[in-house]
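Please examine the sequence and the model shown here. A short report on selected local features accompanies them.

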Amino acid sequence: MTQYTPPNELAGQPLYLYPELGGYEAMLWVNGEPYGTFATKIVVTRHGNHYCDCFTRAAVPGTPVQLAIEFYAGHYVIGEQPFEERPHRDFRFTADKISVCTKNQDVLDFILDLRVLLQLVEKLPETSFRRAEILNVLTQVHQVLYYDPTSTDAETWHTSLAAARRVMAPALAQKNGGSAPTADLVGHSHIDTAWLWPMDETIKKIARTAANQFNLLDQYPEYRFIQSAAYHTWLMEQHYPQVFRQLQKRVADGRFELNGAVWVECDCNIPSGESLVRQFLWGTRYIRDKFGKEQRVFWLPDTFGYSAALPQIMQGFGVTGFLTTKLAWNDTNRFPYETFVWKGIDGSSVVAHFFVIDTWPDPAGLLERIEGIGYKDHIARKQAFPERLVAFGYGDGGGGPQFEMIEAARRLQDLEGCPKVEYTSADAFVQKLEAAAPTLPVYDGELYLELHRGTLTAKQQIKKNNRMAENLLRMLELCLTRSAVATHTPADGTALRPLWNTLLVNQFHDILPGSCIAAANDRSLHDMAEMLHTGSELLRSWFAPAQNCYTVLNPLDEPCRDVFYLPKIASGFIAQEPGVTLQNVVLADGTAATAVYGLERPALGAAVLHFVPGEQPAQTSRFVYDGKTLTTPLLQVQLDELGRITSLVTRADGMQWADGPMNTLLMAEDVSAGWDGWDIDADCMMKLQPSARLTKQTVTADGPQEFRLHSRYELGTATILEQDMIFRAESTLVEWQTVLHWNEKHRVLKAAFPTNLRAKTARHEIQFGYIERPTTANDTREQAMFERCNHRYTDLSEPGRGLSIFNDCKYGISVQGGTMALTLAKGGTRPDERGDVGTYTFRYAIQPHAEGFSAKVPRRGMRFDRLPTVLAADAPSPALLTTSCRNVVVETVKPCEDAQNAMIVRLYECEVPTLPPLPCTPALP
């Protein structure tokens, strides 16, 4: 910290601080308050080039100013592209000096005026009369301008600048015609909650950026800025109260817009429907409570695809507009619209617009992004809507606009040859879109990003933690609500808020997709593991421990008798409940366990299993296995030498389902053209080959209810996959319980299931429903959709039969013709050079069904994924609620956040039932 006292000769002048620093980022403090940001020219970063800051708009001689700079030297990042290795450095920098400066406004004005005209010459067509006029003006500028200020006296040089500006003034005063498009401007800085830096550094980035914008708002009265992500504002409230107080004042003034439609700028493929609802709930409530502002806009520039469930969720929160940029990154096809009405799976619709970031509000940037001069991302459908939102400023790492950007925009309010500009807010812009909605084109379905398909699989433990956390929080809220109903007391979910916060933050669009540096990935793994432990302990604390009995909580909204597993029960004990069958098994990881079949659990309730002394009756297997053929009560199965299913026949109808070896483990080299941790490219699919080498196979369970065939495979260079293939006597489901010791880099692993089904589309579960995607590759749009998102199931059905594939934590899948291939692992090594090396457990399964797609498929997917919670307690509970329609699912039961003595039940249709045929009306004579 240093003290500076302005001398008399600087009275009333704006003063700037110019630190000659090497390095990364710094924040300016003035009199103990955050006041601006620096990002130097020595290291080029996404933070921009904020090389000086105004620290007083009118110097007061004799009044000291306390100045301090908080400096961040940076950290090493190996890179983001395949094989990229940025040079190592020690991140030691020297502060040569820090200068207090005044601004030569006449020099700045000349440079910016000239820059505008030069860019118009560069971008306008050579046949343009406007361009010819400007060339004549520039010739005159050349005639009056002294280029070298060192070869003449200062007064003569400054006089030449003034003369040059007088020459340029008429050209800069030419107005557009009435048909000119409009660039709606707002300053912005996209800040990743974590990416190439750890989350703790993000807190400082947000503070630096906000302080910088406060400074610019003071200097430029026309300027407006938008900050997104309610969580970022909450971080300021917690860590930088000075910044938060300023935020409150600036938001009230109306030129600093807070967009908090969601808590963080979340991934929109992988989170569950309930998680997305909570993102909106937390975001909109926080901004409303702290700032009194309602949210109309879902601002999400940078995520890797947009679920077709979003319009319905947005409408539920009064969010009527969607703004993004990412579809411009498509690697194969250009999205057909920039401005349109987006319709979701239930028919809900919102207005949508692809806005612009990463550009200046100058002629070059606007002519590229609006007119399409020399750039691919522009308004192609010009008859739809003649405006585009331009959110200018440096981002990802924060910073926002530089003052030169705002100065450039001042010159373009209505300049011939360039789009008109006007400052706006995201909210006001969406109101314009809504007014134009009746004339806009309609796009129905998901906004599939033709890029970054590997983010559905990368960092598989992060994906599994997310799924487990969503299921755990659902059970915790269910138990809270059930207890409140039983005891007639208010349900209070306050204790769960820290757990929800951890989950929602870790659904950020680089954390959950697995595209962060190692430090950020490790932080996610640690925080989510701690959250899962805390939540499990909290749930356990609500039940009094008991001996020789287990309470089995049913998370499903239907009664269930499915199997669950306990630690191996000691000999000499049997189940007291009638109809329960116990079978000792060895799980895929080698753990001895007892499988429990037949315990009836009420819907959203709990049953208790008691153990009493007794001897198990002799168990007789219901399976016949000869090493190649397995006969179960419901299936006839043929296996090849690798333990793959070559024939799968349902005995009830004699139907064959296999069209090649099922559960073929395919591996391919996975080196993408770019974005190593993000992408799986189409040419990777061309290299997929069967890669499993069977080294061991044993039967580990063969009893009245369950048959397990344990296989050990070697894959790649050093990967081991151990897997139980499980058949059950009373089910056609075939399950693979897997332990994967993954030691590959730049490899992708899939489990493929060729079927003899012929269907033009497959149904993939998304939030609150499903979406149909093509199984064909007839055109470039279908070809680009070679890797898709699914949640708990994908189903391939003909009108009268079908087959489903289920999973407990895998989100990437490909479907081509009758073959479904679930993606199990991906080994990208940038920006986390470790790849995804580690040991992982997961489950997947297939199940044929002798009818077309129905509500049974999503319900089976829920049963596979939402396993019962088993506690050493004696606490039976009746069914809390059920639905009378099989296609209506109880997704959530939770305490209401607005009223103490109320609960929320969230329902959705998992399948639209087929209506009965209309009665036949006789034809008129």
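The model is a predicted one, in which local features need pLDDT of at least 70 and side-chain atom pairs count only at pLDDT 80 or more, while totals for chains, interfaces and linings use all residues. Residues are numbered from 1 along each chain as its sequence is written, and side-chain values use heavy atoms, with hydrogens and water left out.

**Backbone geometry**

Most residues other than glycine have a negative phi, and most peptide bonds are trans. Arg830 and Pro831, however, are joined by a cis peptide bond with an omega of about 5 degrees. Pro831 belongs to the loop between β42 (819-826) and β43 (838-849); helices (H or I, at least four residues) and strands (E, at least two) are DSSP runs, numbered from the N terminus.

Asp358, a residue other than glycine, has a positive phi near 60 degrees. Its place is in the loop between β14 (349-354) and α9 (363-371). Lys459 likewise has a positive phi, near 55 degrees, and lies in the loop between β17 (442-444) and α12 (460-487). Is Lys459 buried or exposed? Lys459 counts as buried because its relative accessibility is 11%, whereas Asp358, at 40%, counts as partly exposed. Here, buried means under 20% relative accessible area, exposed over 50%, and partly exposed in between (1.4 Å probe, protein chains only).

**A three-stranded sheet**

Three strands form an open sheet in the order β5-β2-β7, with antiparallel pairing; two strands pair if DSSP finds at least two bridges between them. The edges are held by β5 (53-56) and β7 (95-101), each of which has a single partner strand, so one side of each is left without a neighbour in the sheet. On average, neighbouring strands of this sheet are turned by 30 degrees against each other, direction ignored. The antiparallel pairing of β2 (residues 15-21) with β7 runs over six bridges, and Pro19 stands opposite Ile98 in β7.

**Surroundings of Thr794**

Thr794 is located in strand β39 (residues 793-797) and is buried, with a relative accessible area of 0%. Its side chain makes a polar contact of 3.0 Å with that of His764. A polar contact is a pair of N or O atoms within 3.5 Å; within protein, one must be able to donate a hydrogen and the other to accept it, and residues adjacent in sequence count only if both atoms are side-chain atoms. Neighbours within four places in sequence aside, the residues in contact with Thr794 (heavy atoms within 4.5 Å) include Ala762, Arg763, Leu803, Ile813 and Met820.

**Helix packing**

Axes are lines fitted to C-alpha atoms, for helices over the stretch in contact, and angles run from 0 to 180 degrees between N-to-C directions.

| Helix pair | Axis separation | Angle |
|---|---|---|
| α1 (residues 105-123) and α2 (residues 129-144) | 9 Å apart | about 140 degrees |
| α13 (residues 497-505) and α14 (residues 518-541) | within 10 Å | roughly 150 degrees |

The angle makes α1 oblique to α2, whereas α13 and α14 are roughly antiparallel to each other. Angles under 35 degrees count as roughly parallel, over 145 as roughly antiparallel, 65 to 115 as roughly perpendicular and the rest as oblique.

The residues making the contact include Phe110 and Leu114 of α1 and Ile134 and Leu138 of α2. Between α13 and α14, the contact is made by Leu499, Thr502 and Leu503 of α13 with Asp527, Met528, Met531, Thr534 and Gly535 of α14.
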